[in-house]
Amino acid sequence: MTTTTSTPSDPLVQRPSTLRAASLPRWSPAAVAAGSAAVAIAVGAGAGLDSRIQWGLIAALLFIAGSYALAVAVEGVRQAKDRLATSLVWVMFLLAVVPLASLIYETVQRGIKVFDVYFLTHSMGVVADDEVGGGVYHALIGTLEQVLLASVIAVPVGLLTAVYLVEYGRGKLSKVVTFFVDVMTGIPSIVAGLFVLSFWILILGFDFSGWAGAMALAILMMPVVVRSTEEMLKLVPNELREASLALGVPKWRTILKVVLPTAVGGITTGVMLAVARIAGETAPVLLLVWVNPLINTNPFEGSQASLPLYIYQQYAAGNDAAYDRAWAAALTLIAFIMILNLAARGVARWKAPKTGR
């Protein structure tokens with residue numbers, strides 16, 4: 001009996017491959033980042049750079065260059081390019097997050113000194129700007145009413161305009177509307193305030209009031225609502241519209257019952273972005289609402305206060321007590337925007353169409 005042995009040249013024999021590309025360990029990015037930070041600190045201290053921002057920029061450049069050079073040496077040029085792109089993404093992310101985190105930290109640290117129940121429930125009616133005490137209640141009431149009135153004006157108009165552009169807009173009229181919406185998006189806030197000032201107060205003869213400020217804020221809010229709603233409506237699949245229309249449902253009812261509920265999450269987010277923009281505007285309020293240290297709950301009569309204007313006034317007073325109130329008011333404004341966003345997310349999740357198997 002003869003036996004046959006397979007040789008390595010036999011194509012039927014399967015051998016495990018010993019070829020494996022070299023790769024960096026998972027902890028290498030963290031090590032490169034730590035080394036870059038250490039070198040940046042040494043370079044900054046040796047060069048006499050006092051700003052930690054400069055140290056951070058040096059560390060970022062060293063991290064990008066070090067990651068690329070190490071990847072070229074170990075993994076090759078092709079994988080190094082991938083790591084270079086990843087390093088750039090991380091650096092850009094940190095450049096966006098660090099200023100935001102620093103802003104929130106600074107505002108909380110300085111504003112928490114006088115941020116309490118007394119501050120939120122008292123006004124500046126009997127307290128001078130250079131005295132300790134007083135609160136933000138009158139400005140908080142003014143901001144709430146002005147933003148609410150502006151939203152009542154801008155949200156329905158912006159929503160219906162976006163529905164027209166997406167569902168009905170054809171021809172020259174839709175192009176003209178789109179053009180003017182784009183123009184309004186870039187209008188400075190002072191221009192909207194001057195327009196309402198010249199028309200509502202100087203020509204028609206009405207007095208300064210929260211309603212006048214709300215009209216200017218609505219002008220600023222409207223194009224943001226239109227643009228965000230338009231983009232969300234475009235994301236709704238056409239198959240949903242066609243299925244509804246195929247069942248004999250009228251187009252207006254399809255928009256109301258199918259299209260809008262599907263896009264309600266994005267629409268709500270866009271509305272909150274618009275609210276966040278107008279809640280911090282100072283120029284229209286300064287021109288139209290004027291200044292009032294007392295509590296005025298009627299936005300249609302007499303001047304009112306607002307949080308942005310209150311922050312500006314207190315910071316311009318130039319004393320320690322006013323600075324503390326300005327930072328506390330800034331913290332109040334940030335908390336106000338955060339609460340609105342959380343409420344909007346809750347409403348969007350509640351009204352979103354239910355999915356099932």
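Modeller: Start with the rings. This is a predicted model, and the count comes to 7 aromatic pairs. One of them, Trp200 with Phe206, is stacked: 4.1 Å centre to centre, with 10 degrees between the planes.

Colleague: Is Trp200 buried or exposed?

Modeller: Buried means under 20% relative accessible area. Trp200 has 17%, so Trp200 counts as buried.

Colleague: What is the geometry of the pair Trp211 and Phe300?

Modeller: Planes under 30 degrees apart count as stacked, over 60 as edge-to-face, and the rest as tilted. Trp211 and Phe300 have 35 degrees between the planes, and the pair is tilted. Their centres are 5.5 Å apart.

Colleague: Which parts does that pair tie together?

Modeller: Trp211 lies in helix α8, residues 210–234. Phe300 lies in the loop between α12 (283–288) and α13 (307–317). The pair therefore ties together parts that are 89 residues apart in sequence. Trp211 is partly exposed, with a relative accessible area of 22%. Phe300 is exposed, at 52%.

Colleague: Where does Lys251 lie relative to Tyr168?

Modeller: Over the face of the ring. Lys251 is at 4.7 Å from the ring centre of Tyr168.

Colleague: Now Ser36. Which residues does Ser36 touch, not counting those up to four places away in sequence?

Modeller: Ser36 sits in helix α1, residues 28–47. Ser36 is buried, with a relative accessible area of 6%. With that sequence exclusion, Ser36 touches Ala59, Leu62 and Phe63.

Note on methods:
Residues are numbered from 1 along each chain as its sequence is written. This is a predicted model: local features need pLDDT of at least 70, side-chain atom pairs count only at pLDDT 80 or more; totals for chains, interfaces and linings use all residues. Side-chain values use heavy atoms; hydrogens and water are left out. Helices (H or I, at least four residues) and strands (E, at least two) are DSSP runs, numbered from the N terminus. Buried means under 20% relative accessible area, exposed over 50%, partly exposed in between (1.4 Å probe, protein chains only). Contact means heavy atoms within 4.5 Å. Rings of Phe, Tyr and Trp (its six-membered ring) pair if their centres lie within 6.5 Å; planes under 30 degrees apart count as stacked, over 60 as edge-to-face and the rest as tilted. A charge sits over a ring if NZ of Lys or CZ of Arg is within 6 Å of the ring centre and within 35 degrees of the ring normal.
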